[in-house]
Amino acid sequence: MPNHSKPKCLIIIGAGLSGLYAAYLLQDHFEIVILEANDHIGGRILGTPNGGDLGPTWVWSHHKATLALSQELGLTLFAQYTKGDALYDDPKGVQRFNPAPFAPSARFAGGVSTLTDALYNKLHRVKFHFNTPVDTILDQDDEIIVQSGINRYQGDKVISTLPPRLIAQNIRFSPPLSSQIVSELNQTPTWMAQSAKALISYESAFWREDGLSGFAISHQGILGEIHDASQADHPALFGFFHANRSVEDSKSAIIDQLTRLFGPYAAHPLCIDLKDWKIDPCCSTPLDQIPLRDHPDYGLDISAFDGRFSCIGTETSYIEGGYLEGALQSALKISKQLLGI
Ligand SMILES: Cc1cc2nc3c(=O)[nH]c(=O)nc-3n(C[C@H](O)[C@H](O)[C@H](O)COP(=O)(O)OP(=O)(O)OC[C@H]3O[C@@H](n4cnc5c(N)ncnc54)[C@H](O)[C@@H]3O)c2cc1C
């Protein structure tokens, strides 16, 4: 007998990579509504119009789910540019060196946003509500009510993809989550929430002509670590920066530093894009202002309301938590649970 019962309603909170991928995997089995605080998809994946990345940049060969999904979606990857010398910048001056080979990393042609854009374009039946920051989740008479201000959404099942600390700090639960769950959420740092990234675009990749890879480690300037960030027709460098100055001061400090490191051509960028993740309330909390010394040991199993509320997202993944791969693995795990496979 065919089953004509109405599909259950699944509410996914957050339209970052894990939320979009969970929707992609589950859209044939549930009516899906995605509630997103921002006015755009992607979460920590954030691009510029020229394919630059202000969030993640790299994927590695052991990130199997990321590579498989990229292939399935027809995306192109290319190797990170590493030819030539690197620079080491300390009080003794700028020195050229040949870095020890590290695990080769790949980049997305057109930027990492091509991954979230491609997923979004496949979600024909999923309903999106942007500018919808969830503030309350209620367990009520066999249904879960999710609220954003005066707007209410009813679902049979709710998946949060928020970084764990954002759940603990920004969402009210009724009945409340146990103190043990709140403590676990608060103790899980958000990966890269302490970072700020600058993308500096140029007319040409002049550093390559000088035998430089674009990679630099600096103890002297605003950018601590610099890499070649060029896309096909858009030469660029990117760097992680210390973001305790105004935007204009940061930009002029970046130009000064790059000119000192890479020579006079560096003084004339086409543009500089900055993104300070520390001050993005959809990523970072006051607890995340302290820099992390090491990559945390991620993995969390959080559910409540008799299993009708669950948490996914990269920080919940025991496999490559923190990375794009962790976000995908967490979505794969919940989809298997919900489909009973
Ligand atoms: C600067 C930087 C560099 C990185 N480099 C790499 C790299 O090179 N390689 C790599 O693999 N990974 C890297 N990462 C990590 C990678 O970006 C993340 O692992 C991945 O994007 C996380 O996806 P997610 O869906 O788990 O979370 P998120 O992308 O954080 O998604 C959560 C979503 O929830 C939304 N949201 C928040 N609060 C609310 C609310 N109250 N209501 C509704 N919606 C809400 C957010 O807006 C967001 O869209 C980097 C991250 C950053 C910031």
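**Ligand shell**

Helices here are DSSP runs of H or I with at least four residues, strands are E runs of at least two, and both are numbered from the N terminus. I note that this is a predicted model, where local features need pLDDT of at least 70, side-chain atom pairs count only at pLDDT 80 or more, and totals for chains, interfaces and linings use all residues. Residues are numbered from 1 along each chain as its sequence is written.

α8 gives the most to the shell, with four residues. I found 40 residues surrounding the ligand. The closest are Gly14, Gly16, Gly43, Pro56 and Tyr323.

I sorted the shell by class and got 21 nonpolar, 15 polar and four charged residues. Ala, Val, Leu, Ile, Met, Phe, Trp, Tyr, Cys and Pro count as nonpolar; Asp, Glu, Lys and Arg count as charged; the others, Gly among them, count as polar.

**Domains**

I checked the domain assignment next. It gives domain 1 (9-45 + 115-188 + 296-339) and domain 2 (58-111 + 194-279). The bounds come from an automatic or database domain assignment. Both domains give residues to the shell around the ligand, so the ligand lies between them.

The centres of domain 1 and domain 2, taken over C-alpha atoms, are 32 Å apart. Nine residues from domain 1 and nine residues from domain 2 make the contact. Two residues are in contact if their C-beta atoms, placed from the backbone, lie within 7 Å. On the domain 1 side, α3 (113-121) and α8 each supply at least two residues. α8 gives the most there, with five residues. I counted that side by class: six nonpolar, one polar and two charged.

**Helix pair α1 and α8**

I then took the packing of α1 on α8. The angle is about 35 degrees, and the axes are 8 Å apart. Axes are lines fitted to C-alpha atoms, for helices over the stretch in contact, and angles run from 0 to 180 degrees between N-to-C directions. The crossing of α1 and α8 is right-handed. A crossing is right-handed if the near helix is turned clockwise from the far one by less than a right angle, and left-handed if anticlockwise.

I listed the residues in contact. α1 brings Leu17, Ser18, Tyr21, Ala22, Leu25 and Leu26. α8 answers with Leu324, Ala327, Leu328, Ser330, Ala331, Ile334, Ser335 and Leu338. The contact has eleven nonpolar, three polar and no charged residues.

**Leu339**

I placed Leu339 in helix α8. Leu339 counts as exposed, because it has 12 C-beta neighbours inside 10 Å. The scale is buried at 20 or more other C-beta atoms within 10 Å, exposed at 12 or fewer, and partly exposed in between, with C-beta atoms placed from the backbone. Ile272 is 67 residues from Leu339 along the chain, and their C-alpha atoms are separated by 45 Å.

**Backbone notes**

I found a cis peptide bond from Ser174 to Pro175, with omega near -5 degrees. Pro175 sits in the loop between β13 (172-174) and α5 (179-186).

Asn131 has phi near 50 degrees, a positive value in a residue other than glycine. I located Asn131 in the loop between β8 (127-129) and β9 (136-140). Asn131 counts as exposed, with 11 C-beta neighbours inside 10 Å.

Note on methods:
A residue is near a molecule or strand if its C-beta atom, placed from the backbone, lies within 6 Å of it.
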